[in-house]
Amino acid sequence: MTEATAKTKTKTFSERADELEHAAIAALDPIPQPSAIYVSAERDPTQPMPPPPAKPGQYFLMGHDKRLSKMPDKPTLVDFFKQRFFPATHVLQSARLAKLAGHPEKIVLACLLHDIAIMGFIRCDHGFYAAEMIAPYVDEEISWAIRAHQVLRFFPDPANGYEYPQQYIRLFGEGYRPEPYIYRLYEKMKTHKWYMTARLITVNDIYSFDPNVKPVLEDFTDIIGGNFRQPEEGLGWDDTPASHIWRTINWPTRFL
Ligand SMILES: [Fe+2]
Ligand SMILES: [Fe+2]
């Protein structure tokens with residue numbers, strides 16, 4: 001073996017090792033990192049987060065999480081329904097009831113959107129989050145009513161066809177009373193000019209739907225098109241006060 005050949009072979013071996021290492025690093029998927037609130041109470045939130053399991057050369061996820069379906073570059077409300085909120089049975093049934101009752105389109109849309117925060121984002125104060133998510137794209141009356149439905153659900157209004165939900169007794173117990181802020185808000189909301197809009201969400205917000213009826217989102221295409229101002233840039237990318245929530249639902253495990 002000549003000196004030149006040996007050099008070439010050594011170099012080639014070293015290069016191959018580098019290539020393999022790079023390939024191995026490249027094969028390591030970026031790590032999706034759940035937010036503290038996902039795991040709060042499952043772990044002690046006053047203690048440091050456990051060290052990340054990253055291997056050398058492995059990064060944290062800063063975009064799409066492979067475990068979720070990839071959303072279009074300019075996602076619409078319908079895309080979020082199909083890729084993050086599916087199957088949406090409860091709100092579809094609720095909107096169907098409102099439509100059958102002959103309510104205006106804004107009421108039907110409010111019913112269709114009233115629980116999207118629970119379906120795709122967070123449960124606690126879900127009416128407030130849902131209202132924030134849609135505020136830039138709907139009449140203020142609709143977002144106000146969706147915020148209020150969370151409060152009005154706790155207060156019967158038999159004159160308008162709404163009783164305290166039996167389901168709440170099953171879920172929270174006979175003696176459950178909402179937190180004081182719910183009572184404070186109720187005092188303001190019950191005399192508000194849009195009270196009945198919110199009340200109609202609660203009237204159509206029932207749990208005992210007909211299991212044989214399966215409404216689909218396409219039943220509401222026209223109502224969405226006529227009442228939800230879909231941003232050209234796509235939800236999350238139009239720089240409104242709601243964009244950050246839509247981005248978070250799209251990429252829930254982005255590191256920052
Ligand atoms: Fe709700
Ligand atoms: Fe609901």
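D239 is found in the loop between helix 12 and helix 13. Helices here are DSSP runs of H or I with at least four residues, strands are DSSP runs of E with at least two, and both are numbered from the N terminus. This is a predicted model, in which local features need pLDDT of at least 70, side-chain atom pairs count only at pLDDT 80 or more, and totals for chains, interfaces and linings use all residues. Residues are numbered from 1 along each chain as its sequence is written, while chains are lettered from A and ligands numbered from 1 in the order in which they are written.

D239 has a positive phi of about 55° although it is not a glycine. With 11 C-beta neighbours inside 10 Å, D239 counts as exposed. The cut-offs are these: a residue is buried if 20 or more other C-beta atoms lie within 10 Å of its own, exposed if 12 or fewer, and partly exposed in between, with C-beta atoms placed from the backbone. A41 also has a positive phi, of about 85°, and is not a glycine. A41 sits in the loop between helix 2 (36-39) and helix 3. A41 counts as exposed, because it has 7 C-beta neighbours inside 10 Å.

Now the protein as a whole. Its secondary structure comes to 13 helices and zero strands. Of its 256 residues, 29% count as buried. Two residues are in contact if their C-beta atoms, placed from the backbone, lie within 7 Å. Among contacts between residues at least 6 apart in sequence, 71% join residues at least 24 apart.

Which residues of helix 3 are buried? They are L77, F80, F81, R84 and F85. These residues cover an arc of only 115° around the axis, which puts them on the same side of helix 3. The arc is that of the directions from the helix axis to the C-beta atoms. What covers the buried residues of helix 3 includes helix 6 (116-120), helix 12 (221-227) and helix 13 (243-250).

One of the buried residues of helix 3 is F81. F81 counts as buried because it has 22 C-beta neighbours inside 10 Å. Leaving aside its neighbours within four places in sequence, F81 is in contact with F86, A88 and L217. F81 and G120 are 39 residues apart in sequence, and their C-alpha atoms are 8.7 Å apart in space. A cis peptide bond, with omega about 5°, joins F86 and P87. P87 lies in the loop between helix 3 and helix 4.

The buried residues of helix 13 are I245, W246, I249 and N250. Seen down the axis of helix 13, they fall within an arc of 140°, so they line one face of the helix. Helix 3, helix 6 and helix 7 are among what covers them.

Next come two helices that pack against each other. Helix 7 (residues 126-134) and helix 8 (residues 140-152) pack at an angle of about 170°, with their axes 7 Å apart. That makes helix 7 roughly antiparallel to helix 8. Axes are lines fitted to C-alpha atoms, for helices over the stretch in contact, and angles run from 0 to 180 degrees between N-to-C directions. Angles under 35 degrees count as roughly parallel, over 145 as roughly antiparallel, 65 to 115 as roughly perpendicular and the rest as oblique. On the helix 7 side, H126, G127, F128, A130, A131 and I134 meet I142, S143, I146, R147, H149 and Q150 of helix 8.

A130 is in helix 7. Is A130 buried or exposed? A130 is buried, with 27 other C-beta atoms within 10 Å. Not counting residues up to four places away in sequence, A130 touches L113, H114, D115, I116, A117 and I146. The C-alpha atoms of A130 and S143, 13 residues apart along the chain, are separated by 7.8 Å.

A130 also belongs to the largest nonpolar core, which has 46 residues; those with the most contacts inside it are A110, C111, A130, M133 and I146. A nonpolar core is a set of buried Ala, Val, Leu, Ile, Met, Phe, Trp, Tyr and Cys residues joined through C-beta atoms within 7 Å. Helices that each supply at least two residues of this core include helix 3, helix 7, helix 8 and helix 13. M133 touches I116, A117, A242, I245 and W246, not counting residues up to four places away in sequence.
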